[in-house]
Each structure stands twice: as C-alpha cells, then as structure tokens.
Amino acid sequence: MTEIVPVSGPELITYADELAALLVDAVAAGASVGFLAPLDREAAAAWWRELARSVEYGPLRIWIARDGERIAGTISLARATLPNARHRAEVTKLMVRSSVRGQGLGRALLDAVERSAADTGVSLLVLDTESGSPAERLYRSAGWTECGSIPEYAADPAGALRPTTLYYKTIAPVRL
C-alpha cells in the first residue's frame, strides 16, 4: 500500500538521499524536471537539502509517496506570495519511480496536492510540462486545461531545447 504524506523541512533533509535517487531515475528516464543527464546523485541530494528551508518557513510544500520502505514518488506545491496572487499555486516536480509508472501513483499524487491546495484556500493551480511528454496525458485526464505552449522553453535531460505546455486547473477552495 502506498502512503502519500507531506514532509517537513527536517524530514526533507532526512529523505534527501532517497529523493536524490528518485530524481536521478527520473532524469535518466528522460523526464524534463530541470536537470541534465547524467545527474550526479550527490548533486541531486544537495538540491533537495537546499529546499528544506523553503519547506519549513516558506511557501513550498513537498509530498512523498512511500511504497513500503522506498520513496516511489513525489510532488511539490509552490504557493504564490504576493498579495494579489495568494489564491494560486504552482504544481512542480511530479516524479514517479520508473519501476512503478503506469499504476496510478502520479494521479494519486496530483489528487493529494489538489485536495491540500483546496483545503488551504487555493482556487487556481498552474503547471508546465514538456510538450508531447507522457505527463500531458495525465494532466488532461485529471481535468487540467492547456493554455498554450512556449517553443524552446527548457532543455530536456539530453540538452535539446524543447517546447513547454502550460496548464491550469480551477479548484473549489474549502470554505471554513
């Protein structure tokens, strides 16, 4: 059974090596998540540790999906901080270990973030992904709306510039 839980800043430091393995796996499998291949595992772990302060004191939340003793996936939510943007957040770094892809974990992570966002008053979510990537099927099937693409926006893990597609989803915040 897979459990999806948010992590604190100190927990993120504890999980940094496992999350590094997940990030290295994602990049090696061709996921465009901001890093070039080959990705050094220690550099990946250092990147995760650097996020701990933003998780503990800032607008960033990170969830992990545990499959037994291993981290099988992760997703992040970055809340906007400006006064006119507090109703929105960006979904980032959705990753699922390559050995368990296609089993619904990406959708479960996305659902968990959407519920949490709504619970905290967020009504608009945005994200971007490499155009033509398998992730686009997930977002479309989860009710996300494509709003355009930007050519040559980011390099894929091999270093080739690729277009990026932007998506949004309006959600109903929980009214207390």
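Biologist: How do the residues lining the largest pocket divide into nonpolar, polar and charged?

Modeller: This is a predicted model, and in it the lining of the largest pocket divides into 17 nonpolar, eleven polar and seven charged residues. The pocket has a volume of about 960 Å³, and among its 35 lining residues, Ala31, Leu94, Thr129, Ala135 and Tyr139 lie nearest the centre.

Biologist: Which strands and helices each supply at least two residues of that lining?

Modeller: Strand S4 (88-96), helix H4 (105-119), strand S5 (124-130), helix H5 (134-141) and strand S6 (145-155) each supply at least two, and the largest share, seven residues, comes from S4.

Biologist: Let's stay with H5 for a moment. Which of its residues are buried?

Modeller: Glu136, Leu138 and Tyr139 are buried in H5. They sit on the same side of the helix, because the arc they cover around the axis is only 160 degrees. The face turned away from that buried side carries the exposed residues Pro134 and Arg137.

Biologist: And what do the buried residues of H5 pack against?

Modeller: They pack against S4, H4, S5 and strand S7 (161-170). After H5 comes Gly143, which has a positive phi, near 90 degrees.

Biologist: Changing topic, which residues touch the most other members in the largest nonpolar core?

Modeller: That core has 25 residues, and the ones that touch the most other members are Ile75, Leu77, Val91, Leu110, Leu125, Tyr139 and Trp144. At least two residues each come from strand S2 (60-67), strand S3 (70-79), S4, H4, S5 and H5, with H4 giving the largest share, six residues. A second, separate core has 24 residues, including Leu23, Phe35, Leu51 and Ile62.

Biologist: What does Val91 touch, not counting residues up to four places away in sequence?

Modeller: On that count, Val91 touches Ile75, Ser76, Leu77, Leu110, Val113, Leu125, Val126, Leu127 and Trp144.

Biologist: I also have Ala72 marked. Is Ala72 buried or exposed?

Modeller: Ala72, which has its place in strand S3, counts as buried because its relative accessible area is 0%, and the cut-off for buried is under 20%. Leaving aside neighbours within four places in sequence, Ala72 is in contact with Leu22, Ala65, Asp67, Met95, Val96, Arg97, Val100 and Leu105.

Biologist: How far apart in space are Ala72 and Ala43?

Modeller: From C-alpha to C-alpha, Ala72 and Ala43 are 20 Å apart, while in sequence they are 29 residues apart.

Biologist: Now the backbone. Which peptide bond is cis, with omega near -5 degrees?

Modeller: The cis bond is the one from Ala37 to Pro38, and Pro38 has its place in the loop between helix H1 (9-28) and helix H2 (41-50). As background, most peptide bonds are trans, and most residues other than glycine have a negative phi.

Biologist: What is phi at Lys93 and at Glu152?

Modeller: Phi of Lys93 is near 50 degrees, a positive value in a residue other than glycine, and phi of Glu152 is likewise positive, near 50 degrees. Lys93 has its place in strand S4, whereas Glu152 lies in strand S6.

Biologist: Are those two residues buried or exposed?

Modeller: Lys93 counts as partly exposed, because its relative accessibility is 24%, and Glu152 is exposed, with a relative accessible area of 57%.

Notes: Residues numbered from 1 in each chain as written. Predicted model: local features only at pLDDT ≥ 70, side-chain atom pairs only at ≥ 80, totals over all residues. Heavy atoms only, no water. 1 Å grid on protein atoms, 1.4 Å probe; cavity = no way out; pocket = protein on both sides within 12 Å on 5 of 7 lines; lining within 4 Å. Points joined across faces, edges and corners; volume = space filled by probe spheres on them. Helix = DSSP H or I, 4+ residues; strand = E, 2+ residues; numbered from the N terminus. Nonpolar A, V, L, I, M, F, W, Y, C, P; charged D, E, K, R; others polar. Buried < 20%, exposed > 50% of the residue type's maximum accessible area, 1.4 Å probe, protein only. Arc of directions from axis to C-beta. Contact = heavy atoms within 4.5 Å. Core = buried A, V, L, I, M, F, W, Y, C linked by side-chain atoms within 4.5 Å.
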